[in-house]
Amino acid sequence: MLLKELTQAFGVSGFEDEVSQLIITNVKEHADEVFVDALKNVIVLKKGKGINKKKIMIASHMDEIGFMVLSITDKGYLKVRNIGGISIYMSVFNKVKFRNGIVGIVDYQDSIAEAKGNDIGKLYIDIGAKSKEDALRYIAVGEPAAYVGDYVELPNNRVCAKAMDDRVGCYVAIEALKKLGTPYNDVYFVFSALEEVGLRGSKVAAQRIKPDIGVAIDITGSYDTPQGGNGNMMFGQGAAIKIMDNSVICSDKVVESMIETAQKYNIKYQLDVLPSGGTDAGAINQSNEGVLTGGISIPTRYGHSPVSMVDMFDVNCCIELVTHFVDKEFKF
Ligand SMILES: [Zn+2]
């Protein structure tokens, strides 16, 4: 199962190589061109046949949040900093893994129940070392670590794993690419690097591609749990068509066009207003001289944790919507 492989690959921001290799293996026979740039973005071109074709950039980010070793204490514990939006509360008593396979346990040096704010400086990782000297046999300063989170199949076609953000978006893009024959438009599938540290990869990729239309495929919230919240999105209600998040207010022409596509092909959809957090859509929107931009989102529970969950019904709706959206003739 490709989604399982994608979520289990190591890909903390800046260290996306294992994910990019897996993606290249899965896209190369379906693509006209595959290119990797200096920031590690994987840019996959599927050429279109339309007379009035446009350049469409579809961005799904490969990177996941994680940790980086800052220093090692005399007793062999690792002090770390965050790479992206790490929460201390979601980290304590979880496992993390380094690129060489070394596993560590995350704990907090004070009572987590009394923690105020999100002081990453009080986290430490215990890899079982006896001393600093011992720890240095396994780990160096600057080594990145990612959460461990097995891929688990749950009832009702729901699955959970680490790094659904945004490997499920990469999965949607790959499956859409596989389903496309020769599309109407030139489609640039960008598997972007460095999203979690400030939308860096997609910014650079958009400068290279100069798209007419940009679309970010990323996770959004799902507000149908006891924790609730004010969002609209829910499991089982289909592809979430982005209206806005912190990084972008989507181009109304793109939003209307996505809704029209969903209605035409009977694809279940819901409207996505993300209460907080940004996406690659913001970077594409503000690139070049401005790009018409939208987003297709996968409702996700427990994002940025080792146990993020999606409903495959929604995932499949997103694949359908991407496939049909990039294949239409745009009148704007
Ligand atoms: Zn994301």
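Me: Buried means under 20% relative accessible area, exposed means over 50%, and partly exposed lies in between. Which of these is Lys 47?
Reply: This model is predicted. Lys 47 has a relative accessible area of 44%. That value falls between the two cut-offs of 20% and 50%. So Lys 47 counts as partly exposed.

Me: Which residue meets the side chain of Lys 47 in a salt bridge?
Reply: Side chains of opposite charge can pair when their charged atoms come close. For Lys 47, the N to O distance in the salt bridge is 3.9 Å. The partner's side chain belongs to Glu 33.

Me: How many residues apart in sequence are the parts that Glu 33 and Lys 47 tie together?
Reply: Their side chains meet in a salt bridge. Glu 33 lies in strand 1, and Lys 47 lies in the loop between strand 2 and strand 3, so the pair ties together parts of the chain. Glu 33 is partly exposed, at 43%. In sequence, the tied parts are apart by 14 residues.

Me: Now take the salt bridge between Asp 311 and Arg 158. How many residues apart in sequence are the parts this pair ties together?
Reply: The two side chains meet at 3.2 Å, N to O. Asp 311 lies in strand 18 and Arg 158 in strand 11, so the pair ties together parts that are apart in sequence by 153 residues.

Me: Is Asp 311 buried or exposed?
Reply: The cut-off for buried is under 20%. Arg 158, the partner in the salt bridge, has 23% relative accessibility and counts as partly exposed. Asp 311 has 5%, so Asp 311 counts as buried.

Me: Glu 329 and Lys 331 also meet in a salt bridge. Is Lys 331 buried or exposed?
Reply: Their side chains meet at 3.8 Å, N to O. Glu 329 is partly exposed, at 32%. Lys 331 has 72% relative accessibility, so Lys 331 counts as exposed.

Me: Which residues coordinate the zinc ion?
Reply: The coordinating atoms sit at 1.9 to 2.6 Å. One is the NE2 atom of a histidine, and the others are OD atoms of aspartates. In sequence, the donor residues are spaced H-x103-D-x52-D. They are His 61, Asp 165 and Asp 218.

Me: Why is the arrangement around the zinc ion not called tetrahedral?
Reply: Ideal angles are 109.5 degrees for four tetrahedral donors. To count as tetrahedral, four donors need all angles between 85 and 135 degrees. Here the 4 donor atoms subtend angles of 51 to 140°. The arrangement is therefore irregular.

Me: Where is His 61 found, and with which side chain does the side chain of His 61 make a polar contact?
Reply: His 61 has 0% relative accessibility, so this residue counts as buried. Among the residues His 61 touches are Arg 167, Cys 170, Ser 192 and Asp 280. His 61 is found in strand 3. The polar contact, at 3.2 Å, is with Glu 195.

Me: Which residue does a cis peptide bond join to Asp 165?
Reply: Asp 165 is one of the zinc donors. At the cis peptide bond, omega is about 5°. The other residue has its place in helix 5. Its name is Asp 166.

Me: What is phi of Ala 163?
Reply: Ala 163 lies in the loop between strand 11 and helix 5. This residue is buried, with a relative accessible area of 9%. Its phi is positive, in a residue other than glycine, and is near 60°.

Me: Which residues of helix 7 are buried?
Reply: Helix 7 has 13 residues and reaches 18 Å from its first C-alpha to its last. What covers its buried residues includes strand 13, strand 14 and helix 9. The buried residues are Val 254, Val 255, Ser 257, Met 258, Ile 259, Thr 261 and Ala 262.

Key
Residues numbered from 1 in each chain as written. Predicted model: local features only at pLDDT ≥ 70, side-chain atom pairs only at ≥ 80, totals over all residues. Heavy atoms only, no water. Helix = DSSP H or I, 4+ residues; strand = E, 2+ residues; numbered from the N terminus. Buried < 20%, exposed > 50% of the residue type's maximum accessible area, 1.4 Å probe, protein only. Polar contact = N/O pair within 3.5 Å; in protein donor to acceptor, adjacent residues only side chain to side chain. Contact = heavy atoms within 4.5 Å. Salt bridge = Lys/Arg side-chain N within 4 Å of Asp/Glu carboxyl O. Donors = N, O, S within 2.8 Å, 3.2 Å for Na, K, Ca; no water. Tetrahedral: all angles 85-135°; square planar, octahedral: opposite > 155°, others 65-115°. Expected span 1.5 Å × (residues − 1). Lists of a residue's contacts leave out its neighbours within four places in sequence.
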